[in-house]
Amino acid sequence: MDVLVCGAGVAGIALAYWLRHHGFTPTVVERAPRVRAGGYAAGLRGEALDVLDRMALLEQAEALGLRPGDTAMRDESVLICAGDLEILRDDLAGLLYEATRREVEYVFGDSIATLEQSADDVRVTFDRGRPRRFDLVAGADGLHSRTRSLAFGPHERFVRHLGLYTAVFSVPGRLGAEDDGRGYRVPGKAAAVLSTRDGTRARAALRFASGPLAYDRDDAGQHERIVAERFAGEGRLIRLLLEQMRGAEDLFFEANAQVEMDRWFSGRVVLLGDAAYCAATVSGRGASQALIGAYILAGELAVGGDHARAFASYEREMRGFVAEHQHLGREATDRFFLGTPSQEGFDRTTAVRPHLVRLKDYVPGFAAEQPSPGRAAR
C-alpha cells in the first residue's frame with residue numbers, strides 16, 4: 001500500500017519507519033521546510049524505550065539524553081518528562097529522520113489541501129504539489145491537525161484548552177550550566193532551564209496561565225510579544241531568558257491542550273500522536289504515545305489485512321494507555337494552579353502506574369522474544 005503520512009514529527013517519522021519495515025510505501029509531507037527544530041524534553045519509559053530498542057536506536061538516543069539529575073523540568077510548579085530517558089524532542093525527531101531519510105519519500109514545504117475518499121483510495125490535493133492518490137492517509141500533524149479538520153471536523157470540536165501556554169527556545173549552554181535546576185515561580189507563571197548531557201546546549205521554558213488567546217501560529221514576533229508582556233517586570237533569570245528569546249530561531253509557542261475524540265479513524269484516514277490524542281505538553285508523555293502508537297498502527301496494518309480492522313485494533317490497543325496519559329496531563333495542570341511543591345509533584349508523577357499497552361511482535365522472529373534486561377514493559 002501507498003500511505004501518505006502528514007507531519008514529520010516524532011509520530012509521523014516513526015510511523016514511516018515501521019510502515020517501510022513492513023513493506024508499505026510511505027510518503028511524508030511536512031509544511032515546514034525541514035524537520036522542525038525546538039521544543040522541550042520528551043520523557044520516555046517502558047514500552048517507548050522498547051520501541052526504540054526494536055529500531056536499534058536506543059543507544060543513540062541515550063547518548064543524546066539530558067544530564068542525569070536534570071530530569072522532569074523541575075520548575076517548582078509543573079513536572080513534565082519524568083521517565084527513564086529524557087531527550088530533547090528535536091534530537092529524537094532528528095534521530096528518527098536520519099534512520100528513514102534514505103528509504104522514505106519526504107516532501108517538505110507542502111501540506112494537504114483536500115481529501116476525497118473513495119472505496120479504493122484517497123485523492124489528495126496539496127497546497128503546492130500535484131494531486132496524488134494513496135491507499136491510506138495517516139494524520140500525524142499535531143494539535144492543530146489539518147488532516148483531522150478535513151476528515152473529522154473543526155478543531156474546536158476536539159481540542160480542550162487547559163488554561164496554560166508554554167514558550168520554549170534555545171539558550172546558550174553556559175546559561176543552562178548556571179541556572180539549570182533553578183525553578184522560578186510566581187502565581188500563574190513559571191520558568192525553567194534544562195541542559196543537554198554534554199552541557200553545550202540548553203533550552204528554556206516559560207509558562208503562564210491564560211484563557212484561550214487569539215494569535216497567528218506562524219508569527220514568531222507576535223509570540224515573543226505575548227510572552228514578554230506576560231513576564232514583564234520579573235527577576236534576573238526572567239530578564240536573561242527574555243533577552244535570549246528575542247530573535248530565537250527555534251521559538252515554540254503553544255497552548256497546553258488535549259485532544260479528545262470518540263474515534264481516531266474515518267474510512268481510509270487515521271490519526272495518531274497529538275493529532276488524535278494529545279495529552280498536553282505538561283504531561284511529558286507525547287513522545288512516548290507517538291512512538292508506541294506508530295509501532296502499533298503499522299503493525300496492525302501489516303497483520304490485519306483489512307485497513308478498517310487494523311485501525312480498530314490499533315485504537316483498542318491504545319485507548320487505555322492514552323486515557324492514563326491524559327489524566328497525567330490534567331494532574332500536572334492542576335499542580336500548576338495549586339502550587340504543589342515540586343518534590344511532591346515529582347513523586348506523584350514518577351509513581352508506578354499500570355501501563356495498559358503491550359507490544360506485540362508483529363513479524364515473527366523480528367523482535368527479541370524477551371525484553372532487553374531492564375527494559376521490560378511496565
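1. Helices here are DSSP runs of H or I with at least four residues, numbered from the N terminus. Under that definition, Leu92 belongs to helix α4 (residues 89-100). The model is a predicted one, and the points below should be read accordingly.

2. Is Leu92 buried or exposed? Its relative accessible area is 0%; because the cut-off for a buried residue is under 20%, Leu92 counts as buried. Beyond its neighbours within four places in sequence, Leu92 contacts Val10, Leu44, Leu52, Ile87, Ala287 and Leu291.

3. The largest nonpolar core comprises 82 residues, and the members touching the most others are Leu44, Leu272 and Leu291. Helix α10 (residues 286-304) supplies the largest share of this core, with 10 residues. As a general point, nonpolar side chains tend to be buried together in soluble globular proteins.

4. Which residues does Leu272 touch, setting aside those up to four places away in sequence? They are Ala11, Leu15, Ala138, Gly139, Ala140, Tyr277, Gly293, Ala294, Leu297 and Tyr314.

5. Helix α1 (residues 10-21) spans 17 Å from first to last C-alpha over its 12 residues, close to the expected 16 Å. The helix is mostly covered, with 10 of its 12 residues buried. These are Val10, Ala11, Gly12, Ile13, Ala14, Leu15, Ala16, Tyr17, Trp18 and Leu19. After α1 comes Gly23, which has a positive phi near 95°.

6. An open sheet is formed by five strands in the order β11-β12-β13-β10-β14, with antiparallel pairing. Its edges are β11 (184-186) and β14 (252-259), each of which pairs on one side only. With direction ignored, neighbouring strands of the sheet are turned against each other by 20° on average.

7. Within this sheet, how many bridges join β10 to β13? Strand β10 (residues 159-172) and strand β13 (residues 201-209) run antiparallel and are joined by nine bridges. Val171 has Ala202 of β13 as its bridge partner. Helix α8 (residues 236-245) packs on the sheet, where it touches β10, β11, β12 (189-195) and β13. The direction of α8 makes about 85° with that of β10.

Note on methods: Residues numbered from 1 in each chain as written. Predicted model: local features only at pLDDT ≥ 70, side-chain atom pairs only at ≥ 80, totals over all residues. Heavy atoms only, no water. Core = buried A, V, L, I, M, F, W, Y, C linked by side-chain atoms within 4.5 Å. Buried < 20%, exposed > 50% of the residue type's maximum accessible area, 1.4 Å probe, protein only. Helix = DSSP H or I, 4+ residues; strand = E, 2+ residues; numbered from the N terminus. Contact = heavy atoms within 4.5 Å. Expected span 1.5 Å × (residues − 1). Pairing = 2+ DSSP bridges. Axes fitted to C-alpha atoms, helices over the stretch in contact; angles between N-to-C directions.
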